[in-house]
Protein chains: 2
Amino acid sequence: MVGHMAFRYKSMKKLKIAQFGLGPIGIETLKLASRKPWVEVVGGIDIDPDKIGRDLGELTQEPDLRGVRIFRSVEELVDHARPEVILHTAVSKVKDAFPQLLPMVREGINVVSSCEELLFPQLREPELAMELDALCKKHGARIVGTGVNPGFVMDVVPVCMTGVCRDVRAIHVTRVVDATSRRGPLQKKIGSGWTPEEFERRFIAGTAGHAGLKESLALIAHCLGWNITDLIETGRAMVADHDIITPHVSVKTGQCCGIHQYAEASRDGTVCLTLDIKMYLNAANPHDACLVEADPPLNVLIKGGVAGDAATVASLVNAAPRLLKSEPGLRLMTDLPVPCWA
Amino acid sequence: MVGHMAFRYKSMKKLKIAQFGLGPIGIETLKLASRKPWVEVVGGIDIDPDKIGRDLGELTQEPDLRGVRIFRSVEELVDHARPEVILHTAVSKVKDAFPQLLPMVREGINVVSSCEELLFPQLREPELAMELDALCKKHGARIVGTGVNPGFVMDVVPVCMTGVCRDVRAIHVTRVVDATSRRGPLQKKIGSGWTPEEFERRFIAGTAGHAGLKESLALIAHCLGWNITDLIETGRAMVADHDIITPHVSVKTGQCCGIHQYAEASRDGTVCLTLDIKMYLNAANPHDACLVEADPPLNVLIKGGVAGDAATVASLVNAAPRLLKSEPGLRLMTDLPVPCWA
């Protein structure tokens, strides 16, 4: 009776995938992809001269990747192999991603990117977004930005919940992440060990903190068709009340041990969307929560929260088959079919 | 900066919708649809001779529906107006829905249905499902089955959560519904006031209980590509430990006051999917919960649960714009873009 429920990709030819960006997240993404029975990894791309030309199997210690090379550019890669999807883990800003994405799109290659601003690129870079969308359509390519946050817990999940609402008045999302178990670069990005003033100065300069909170908010507003105003974001240091030592950082009492960022937007003069994230060392009660003021109201709690790095990597790889089912163009996560393990 | 986030449907021409089935859920669905700025209701269809020919505005007390008629059949409706989508709330079984859907599909009309088995029609009616799918493709129509359960809390939400998982080992979903606040027909369907033996006899005969639990399970398995075996379902009476009186039913201590249904399936000899639903009068601690044994693990709780009737109605109406974005054919909820209020 249930024999038709066989593995979806069994009959598919393998999906040819390449990895752009071989930092910690890129390597984990590549490793996960290489273990999927429906993936064939055809190459890596990185601008680091120490990596170019090396063997991905040797770099990642992943036996399945032996004999797969790291190239210096998309142009060089496609001389050797043509991926259908590139997993792009390199930058946070659309304006930095743009020159990296152009050669991919021109080759008609689809892109799943961890670039935070690509979650909703229309927000900060409407002209680049329009240009990417037009190029995607011209060359039959698709781009989507995703991850765990932005890309899932503070945007896709709240949007998904509204699917059973007759009316929606407001959405409030909170996330508390214990950064102690996260990777070193993230522990540094959240200002661990700086003075609180130093963090706040760098946050305002845009060189520290969590990227993508405004994009999450804008994506929710877009999906709900809400014409929002007064979109603001604040960022403050979480201050350590005890000394903290991790394998990556050392923080003394009174120093910054993480971030507290908050974004809100209004509609018709009333605050309708609030997103609140705390990400700090030794955080108490990590969780994700989403309150949808609606008919019916929804009160969602993910106990313990969604763990960051593993989930980001999974989100990228899992999005690839769904992206291919969508129309060419610059896509949003909410345009794709319901998220699903692949 | 956020001016592009204007109401999505503002520039769309209105979507012409008709309602098939004018019972309690059908009327609520129609009322919600009629209040949407992007909907134009063009007619109702019902087989009840007392309703045929009447005015929907008079039947529903909804001013916007004045002058819109109730027809006896799709054929009669399309002589007067051509809907792009029919909201179908009439039956629970695919074999009963099939003859109702045929004339819709043949006219190229898309259908959002509350028919529980349509959530995953391949499970019980693979041949009818293939036939519907072929006819949809031939005539450019789309069909999807949805609701709150099946259609959201015990299937779509768990699937959605796996989108951030590197690996998934098992999923356990539980739902507790306080039936006290639900509509009369539902309070009767769950056996209120019968003896426990009577309920269990009727459950086995397929004439009482919650429809769609196996479909929810099969949809999850399908999405995960799991080749499941030993798909079983059990149904038992919840027995009242005190006398209960609602506007619809009266239950004495020792009588049936609701249902406890459970479905499970195995993979490689190990139980990997369990779905557990209790729906009874004066239920304690109503909630929805989903435990995804995975990397990372996910522990989701919807406090208070997702209220049944309002959410079912919303799910149907909200699915219509997303269905139109999908390819013609018999579609699954998980094929459509991420659920969203519309």
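This is a predicted model: local features need pLDDT of at least 70, side-chain atom pairs count only at pLDDT 80 or more; totals for chains, interfaces and linings use all residues.
From α4(B), the contact is made by V94(B), K95(B), F98(B), L101(B), V105(B) and R106(B). From α5(B), the residues are L128(B), L132(B), L135(B), C136(B) and H139(B). By class, the contact of α4(B) with α5(B) has 8 nonpolar residues, 1 polar and 2 charged.

Chain B also contains an open sheet of 7 strands. Their order is β3-β2-β1-β4-β5-β6-β15, and the pairing is parallel. The edges are held by β3 (70-71) and β15 (329-331) of chain B. Each has a single partner strand, so one side of each is left without a neighbour in the sheet. Strand β2 of chain B covers residues 39-45 and pairs with β3(B) in the parallel sense over 2 bridges. Within this pair, G44(B) stands opposite I70(B) of β3(B).

Helix α1 of chain B, residues 24-35, lies across β1 (15-20), β2 and β4 (85-88) of chain B. The helix α1(B) runs at about 155 degrees to β2(B).

A further helix partner of α1(B) is α10 of chain B, residues 308-324. The two pack at an angle of about 55 degrees, with their axes 9 Å apart. Angles of 65 to 115 degrees count as roughly perpendicular and those under 35 as roughly parallel; at about 55 degrees, α1(B) and α10(B) are therefore oblique to each other. Their crossing is right-handed. The residues of α1(B) in this contact are I25(B), E28(B), T29(B), L32(B) and A33(B). Those of α10(B) are D309(B), T312(B), V313(B), A314(B), L316(B) and V317(B). The contact of α1(B) with α10(B) has 7 nonpolar, 2 polar and 2 charged residues.

Chain A has a contact of its own between these helices. Helix α1 of chain A, residues 24-35, packs with α10(A) at an angle of about 55 degrees, and the axes are 9 Å apart. That makes α1(A) oblique to α10(A). The helix α1(A) passes α10(A) in a right-handed crossing. Residues of α1(A) in the contact include I25(A), E28(A) and L32(A), and among those of α10(A) are D309(A), V313(A) and V317(A). The contact of α1(A) with α10(A) divides into 7 nonpolar, 2 polar and 2 charged residues.

How are the two chains related? Two copies of a chain are related by a rotation about an axis and a shift along it. Here, chain A can be laid on chain B by a turn of 180 degrees and a shift of 0.0 Å along the axis, with an RMSD of 0.0 Å. The two copies are thus related as by a two-fold rotation axis. In chain A, the C-alpha nearest the axis belongs to P337(A), 2.0 Å from it.

The interface was examined next. In total, 56 residues of chain A are in contact with 56 residues of chain B. On the side of chain A that touches chain B, at least two residues each come from α6 (156-161), α9 (213-224), β14 (298-303) and α10 (308-324) of chain A. This side of chain A divides into 39 nonpolar, 12 polar and 5 charged residues. Of the interface residues of chain A, 100% are also interface residues in chain B, so the copies meet through the same surface.

Strand β14(A) pairs with strand β14 of chain B, residues 298-303, in the antiparallel sense over 3 bridges. There, the bridge partner of V300(A) is I302(B) in β14(B).

This pair sits within an open sheet of 12 strands with mixed pairing. The order is β8(A)-β11(A)-β12(A)-β7(A)-β13(A)-β14(A)-β14(B)-β13(B)-β7(B)-β12(B)-β11(B)-β8(B). At the edges stand β8 (229-239) of chain A and β8 (229-239) of chain B. Each has a single partner strand, so one side of each is left without a neighbour in the sheet. Neighbouring strands of this sheet are turned by 10 degrees against each other on average, direction ignored. Helix α8 of chain B, residues 196-205, packs on the sheet and touches β8 and β11 (256-267) of chain B. The direction of α8(B) makes about 155 degrees with that of β8(B).

Terms used:
Residues are numbered from 1 along each chain as its sequence is written. Chains are lettered from A and ligands numbered from 1 in the order in which they are written. Two strands pair if DSSP finds at least two bridges between them. Helices (H or I, at least four residues) and strands (E, at least two) are DSSP runs, numbered from the N terminus. Two residues are in contact if their C-beta atoms, placed from the backbone, lie within 7 Å. Axes are lines fitted to C-alpha atoms, for helices over the stretch in contact, and angles run from 0 to 180 degrees between N-to-C directions. Angles under 35 degrees count as roughly parallel, over 145 as roughly antiparallel, 65 to 115 as roughly perpendicular and the rest as oblique. A crossing is left-handed if the near helix is turned anticlockwise from the far one by less than a right angle, and right-handed if clockwise. Ala, Val, Leu, Ile, Met, Phe, Trp, Tyr, Cys and Pro count as nonpolar, Asp, Glu, Lys and Arg as charged, and the others, Gly among them, as polar. Copies are superposed by least squares on the C-alpha atoms of residues with pLDDT of at least 70 in both.
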